[in-house]
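Colleague: Hi! Could you walk me through this one while I have it open?
Modeller: Happy to, here it is.

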Amino acid sequence: MEPRAESYPTDRLPGDVDLDVGVDVETLRALARSLACEAGEQVRSGRPERVEVAATKSNDVDPVTDMDRAVEARLRRRIAAERPNDAILGEEGDDVAGTSGLTWVLDPIDGTVNYLYGVASYAVSVAVVAGPVDPERWTALAGCVHSVVDGHTWTAARGGGAERDGRPLRVNRPESLARSLLGTGFGYAPERRARQGEVLAHVLPRVRDIRRLGSAAIDLCLLAEGALDLYYERGLNPWDLAAGALVAAEAGAWVGGLRGRGPGSAMTVAGATPVVTELVRLLEDADAGGAEGPAEGTEG
Ligand code: IPD
Ligand code: CA
């Protein structure tokens, strides 16, 4: 796909949003890249030999470290300086209101458990969206996922394609579900995990294999570059998927939910058609987006 700049004047935006006229998605992509890479350098250079848990969030196994907080604080300061009229939604801080119609969606470390243990799959995720601050309804404009350990940097701009370190990305077109390598992940709540285990038992015999790498943002970018064929996960928070879902979509993936819904906390599924449609059906058959213990979207 040929990268091209696009602008979103107010009259072409979904919903009734008061957006700065003529905001250029390539400019937003460049800013997302700069923010994520700078934050990634902070994570890389500041990782102590032994990382401590600073606090826990939704439950005892859902950790936050000092680095999560420090990196998000820095991202917020940079955005306030560069884009003072934009809103901010971040994993580790209070929502900041804006007047531009744009919201920056931040995950300072996606894959915090990997960061804690020194497993190499964790990333900084920065995206900017227009419209309602809800992944099922927003319009993602630009995003960047920066993998901290290997330095790989995936970016996307709406209508401008996805790339990793300058190389345009295209998803795989697997020949069948049975030949597909599938990424997924699990939430932190025991009730959710028990249900996710049941769904996985239904899916696993029908695919090539599964990978649980521990960062939804990286999973979606690996899908974009063809290192995974398909991906699904229930319970993602907006910051887990904001940048990665745009990277996947701009690389040609269908990204959505079950039963005609958009991607979001209830379910996020990604991959190339037509095989992704088979996965959606399989998940619907397993009632993967159905009732479970805790309220949706309250984790992490
Ligand atoms: C988590 C990761 C993980 C996914 C969880 C997320 P965090 O984010 O993306 O891969 O399975 O659902 O909560 O807690 O490391 O920022
Ligand atoms: Ca996350």
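Modeller: One term before we start: two strands pair if DSSP finds at least two bridges between them. Also keep in mind that this is a predicted model.
Colleague: Thanks! What does the secondary structure come to?
Modeller: The protein has 7 helices and 14 strands. Of its 300 residues, 50% count as buried.
Colleague: And how confident is the prediction, what pLDDT does the protein average?
Modeller: The average pLDDT is 90, and 90% of the residues score at least 70. Over residues 1-19, though, the pLDDT is below 50, and that stretch has 42 contacts in the model beyond near neighbours in sequence. Residues 294-298 also stay under 50 in pLDDT, with 9 contacts beyond four places in sequence.
Colleague: Good to know. In what order do the strands of the open sheet come?
Modeller: The open sheet has 5 strands in the order E11-E10-E12-E14-E13, and their pairing is mixed.
Colleague: Which strands stand at the edges?
Modeller: Strand E11 (209-211) and strand E13 (254-256) do. Each has a single partner strand, so one side of each is left without a neighbour in the sheet.
Colleague: By how much are neighbouring strands turned against each other?
Modeller: By 15° on average, direction ignored.
Colleague: How many bridges join E13 to E14?
Modeller: There are 3 bridges between E13 and strand E14 (residues 268-271), and the two run antiparallel. Within that pair, valine 255 stands opposite alanine 270 in E14.
Colleague: Which strands does H6 touch when it packs on the sheet?
Modeller: H6 touches E13 and E14, and its direction makes about 30° with that of E14.
Colleague: Let's stay with that helix. At what angle do H5 and H6 pack?
Modeller: Helix H5 (residues 216-225) and helix H6 (residues 238-250) pack at an angle of about 0°, with their axes 8 Å apart. That makes H5 roughly parallel to H6.
Colleague: Which residues meet there?
Modeller: From H5 they include Leu220, Cys221 and Leu223, and from H6 they include Leu241, Val247 and Ala248. The residues of this contact divide into 11 nonpolar, 1 polar and 1 charged.
Colleague: Why does arginine 259 count as exposed?
Modeller: Because it has 11 C-beta neighbours inside 10 Å, and a residue counts as exposed with 12 or fewer.
Colleague: What about phi of aspartate 287?
Modeller: Aspartate 287 has a positive phi of about 50° although it is not a glycine. Its place is in the segment after H7, and with 14 C-beta neighbours inside 10 Å it counts as partly exposed.
Colleague: Last one: where is asparagine 59?
Modeller: Asparagine 59 is in the loop between strand E1 (55-56) and strand E2 (63-64). With 12 C-beta neighbours inside 10 Å, asparagine 59 counts as exposed.
Colleague: Which residues does asparagine 59 touch, leaving out those up to four places away in sequence?
Modeller: It touches Tyr188 and Ala189. Asparagine 59 and proline 190 are 131 residues apart in sequence and 9.4 Å apart in space, C-alpha to C-alpha.

Technical notes:
Residues are numbered from 1 along each chain as its sequence is written. Chains are lettered from A and ligands numbered from 1 in the order in which they are written. This is a predicted model: local features need pLDDT of at least 70, side-chain atom pairs count only at pLDDT 80 or more; totals for chains, interfaces and linings use all residues. Axes are lines fitted to C-alpha atoms, for helices over the stretch in contact, and angles run from 0 to 180 degrees between N-to-C directions. Helices (H or I, at least four residues) and strands (E, at least two) are DSSP runs, numbered from the N terminus. Angles under 35 degrees count as roughly parallel, over 145 as roughly antiparallel, 65 to 115 as roughly perpendicular and the rest as oblique. Two residues are in contact if their C-beta atoms, placed from the backbone, lie within 7 Å. Ala, Val, Leu, Ile, Met, Phe, Trp, Tyr, Cys and Pro count as nonpolar, Asp, Glu, Lys and Arg as charged, and the others, Gly among them, as polar. A residue is buried if 20 or more other C-beta atoms lie within 10 Å of its own, exposed if 12 or fewer, and partly exposed in between; C-beta atoms are placed from the backbone. pLDDT is the predictor's confidence in each residue, from 0 to 100.
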